[in-house]
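This note follows a reading of the structure shown below.

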Amino acid sequence: MSSLRNSLRALAAAGLAAVLIAPASPARAEPSPAELTQRIEKSSTELERVVESYNKLTEDIKANKAAAARLTARIGPLEAQAAQSRADVGEIAVTAYKTGRLDTANALLSAGGPSNLLDRLDTLDQLTRQRQQRITGFTESQRRLLDQKARLDATLAKQAAQAKQLAAGKKKIEKDLAELYELRRQAYGRATEPPAPRAKSKSGGSSGEQAPAVSGRAGTAVRYAYGALGKPYVWAADGPNGYDCSGLTSAAWRAAGKSLPHNTRMQWGVVSHISRSELRPGDLVFYNSLGHVALYVGGGQVIHAPTFGRNVEKRDVDLMRPYGYGRVR
């Protein structure tokens, strides 16, 4: 029994020694605020590209809905035309059945002089042409109707596929956004910037900054942008309570009576491209390979909706390297 006790003591001592001399596993270091900020910026840039793709898909769906409405409006009259043509052709068939065909032999065998014969032949020719025109009209009406219906069906099928894609995109964005907001909580203690002060400026904004005096439609767009200062970045939103980058520029110019698509790349496609030296208030400044856009307000400054968790702000035009400059036509 004593030998068993001695053996257990020896084993326990050996185990303790092994624990004492085993190398300690390094504790996992928490990421520093600088590392978290770097990850947040990278995630924000990637997610903004996804959001702009989502915005483009939304614009495509809007265009397809408008196209479907136009096609539907055309189909109604075409259906009426085809029905009328069908009735005309039916009437020709009934008349031919009841009266027999008016042909050259009938015209030649009928009583009457040469002038009467010429008149009947002329009438025959006119009737034949009219009948052919009505049959041709029926065929053409039917062809146009079937063509428009086929185009409408294709447009509606494309819309349905895009709607599914849109739903999947929204789900992915919300998942990625939850992760991004968690990173912001770790780095800054909260997921979003605090609300802006509520003091109102003459331009309608909540920042207290007054918009410069700019005339015309560009001035309206600039004043609208000042009115958005301090409002939160909200993905896929174009106001009035939040904006993403292309949502802000499209909303500002919509207030000025001009329609811009809610997508940065599409906006680049519809503006006149200008040089930096030509910049004036109301122009658009594009960044990040057309992944971001801002509104130029003069004095080397732009107003933009920066990114997730941030508020609309005024910054230097070189807040990042510009891709190009555009003027709304």
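1. In what order do the six strands of the open sheet run, and is the pairing parallel or antiparallel? In this predicted model, the order is 1-6-2-3-4-5, and the strands pair in the antiparallel sense. Strand 1 (272-274) and strand 5 (313-316) are the edge strands, each pairing on one side only. From one strand to the next, the twist averages 40°.

2. Helix 5 (residues 216-228) packs on it and touches strand 3 (292-298), strand 4 (301-304) and strand 5; the direction of helix 5 makes about 110° with that of strand 3. Helix 6 (residues 245-255) lies across strand 2 (284-287), strand 3 and strand 4, and runs at about 45° to strand 3.

3. Five aromatic pairs are found in a search of the whole structure. In one of them, the ring centres of Trp268 and Phe286 are 5.0 Å apart and the planes stand at 80°, so the pair is edge-to-face. Because Trp268 belongs to helix 7 (residues 264-270) and Phe286 to strand 2, the pair ties together parts that are 18 residues apart in sequence.

4. Are Trp268 and Phe286 buried or exposed? Trp268 has a relative accessibility of 18% and counts as buried, since the cut-off is under 20%. Phe286 is also buried, at 0%. Together with Tyr323, Trp268 and Phe286 form one aromatic cluster.

Conventions. Residues numbered from 1 in each chain as written. Predicted model: local features only at pLDDT ≥ 70, side-chain atom pairs only at ≥ 80, totals over all residues. Heavy atoms only, no water. Pairing = 2+ DSSP bridges. Helix = DSSP H or I, 4+ residues; strand = E, 2+ residues; numbered from the N terminus. Axes fitted to C-alpha atoms, helices over the stretch in contact; angles between N-to-C directions. Contact = heavy atoms within 4.5 Å. Phe/Tyr/Trp six-rings, centres within 6.5 Å; stacked < 30°, edge-to-face > 60°. Buried < 20%, exposed > 50% of the residue type's maximum accessible area, 1.4 Å probe, protein only.
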